[in-house]
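Please look through the sequence and the model below before reading on.

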Amino acid sequence: MKCLVVAVLAVCALVPSVRCASDAIAWCYHLPTCNDTTWPVIAPKYCNGTRQSPIDIVSASATANSNLTAFTFVNYSSTSALKKMENTGKTVKVVLASGITVSGGDLPEAYDSLQFHLHWGNGASVPGSEHTVDGKRYPMELHIVNSKSSYNGNTTQAIADSDGLAALGFFIEVMSGNETGQPASWKTLTSYLSNITNGGESVSMAPGISLDDLLAGVDRTSYYRYRGSLTTPTCNEAVVWTVFKESIKVSKDLIDLFSTTVHVSNSSSPLMVNVYRNIQPAQPVTTQAERATSSASRTCYSLGLMAMSYVLGRN
């Protein structure tokens, strides 16, 4: 029975269409009796494992991997890809339409993009990303959850596979300047938050913005890679993590909406703040080799100028 509960919970976390009892494993972020310090006890099979996420990425320790090439994103430009937004009581999740995939980037096969959700702290000034880079925590982090296409949506098989899931992590930070309501795609996205203020509420999303719109400005060819886990119970160690180096820039007022609008359950319950797991033990991290061509060209150019100046000076 215990194994069945664990399996059901993992599927509940990943499959948007499945509705599950929230108290099968009563984990949380906001109470000391069920926050992430207790997860290795209440969900020990994986949350107490050796390949847990998130981690602090030490950029100087990331080793070069020439196989980390560009991704191919299919239907990320579709303006009807975002179908439903839900307050899960733990996060804000957006369910994606079928037919959205990601491949390349040294992934073993194509993966279906199922949903994305977010992690945040308490407003833009209290950071709440899950991963950190060289100790820096960003205000927010967006996770796109993907399952191997060969499993045809069977997430029970996916979570039993050490690379059955692929997660794309994007940091979110405040854009420079005093802009408000920017970018427009994020203003549209956050406009739905007022419809899901209570846990368990969901709202259908009208066509209008795409995943590409939400990820605008991010270089998706530059990223870190490691093998880890889900960052919520049951913490299955089945995830190929991609954490992109460039952040999404969003105005402060829109970032603040997440921690001031949605509640854990009803309107008398706490606001949803600090919804992230603390850093887990380090894992081996790889990244792209440094692009040395441009620096070498600059060096040759500088040496050429020096030689020319020497010749002209002698004349």
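This is a predicted model: local features need pLDDT of at least 70, side-chain atom pairs count only at pLDDT 80 or more; totals for chains, interfaces and linings use all residues.

Residues are numbered from 1 along each chain as its sequence is written, and side-chain values use heavy atoms, with hydrogens and water left out.

The chain has eight helices and 16 strands, where helices (H or I, at least four residues) and strands (E, at least two) are DSSP runs numbered from the N terminus. Of its 315 residues, 50% count as buried; buried means under 20% relative accessible area, exposed over 50%, and partly exposed in between, with a 1.4 Å probe and protein chains only. The chain exposes about 14300 Å², of which carbon and sulfur atoms supply 54%, the areas coming from the Shrake-Rupley method with a 1.4 Å probe. Among contacts (heavy atoms within 4.5 Å) with a separation of 6 or more, residues 24 or more positions apart account for 73%.

In soluble globular proteins, nonpolar side chains tend to be buried together. A nonpolar core is here a set of buried Ala, Val, Leu, Ile, Met, Phe, Trp, Tyr and Cys residues joined through side-chain atoms within 4.5 Å. The largest such core has 55 residues, and those with the most contacts inside it are Leu-82, Met-85, Phe-116, Trp-186 and Leu-189. Apart from it lies another core of 18 residues, among them Ile-57, Tyr-138, Tyr-226 and Leu-230. Beyond its neighbours within four places in sequence, Met-85 is in contact with residues including Val-92, Val-94, Leu-189, Tyr-192, Ile-196 and Met-205.

Helix α7 (residues 252–261) has as its buried residues Leu-254, Ile-255, Asp-256, Phe-258, Ser-259 and Thr-261. What covers them includes the strands β5 (92–96), β7 (111–120), β10 (140–148), β11 (165–174) and β15 (248–250), together with helix α5 (184–190).

Which cysteines are linked to each other? With a disulfide taken as a pair of cysteine sulfur atoms within 2.5 Å, the count comes to two. Cys-28 and Cys-34 form one of them, with their sulfur atoms 2.1 Å apart, and this link is right-handed, with 95° about the S-S bond. Cys-47 and Cys-235 form a disulfide with their sulfur atoms 2.0 Å apart, and their link is right-handed with 75° about the S-S bond. This pair links distant parts of the chain, since Cys-47 is in helix α3 and Cys-235 in the loop between β13 and β14, 188 residues apart. Cys-47 is buried, with a relative accessible area of 3%, and Cys-235 is buried as well, at 0%.

Most residues other than glycine have a negative phi, and most peptide bonds are trans. Cys-235, however, has a positive phi of about 60° although it is not a glycine. Asn-152, in the loop between β10 and α4 (155–158), also has a positive phi, of about 50°, but Asn-152 is exposed, with a relative accessible area of 68%. A cis peptide bond joins Ser-53 and Pro-54, with omega about 5°, and Pro-54 is found in the loop between α3 (44–47) and β1 (56–57). Another cis peptide bond joins Pro-233 and Thr-234, with omega about 25°, and Thr-234 is found in the loop between β13 (223–228) and β14 (239–244).
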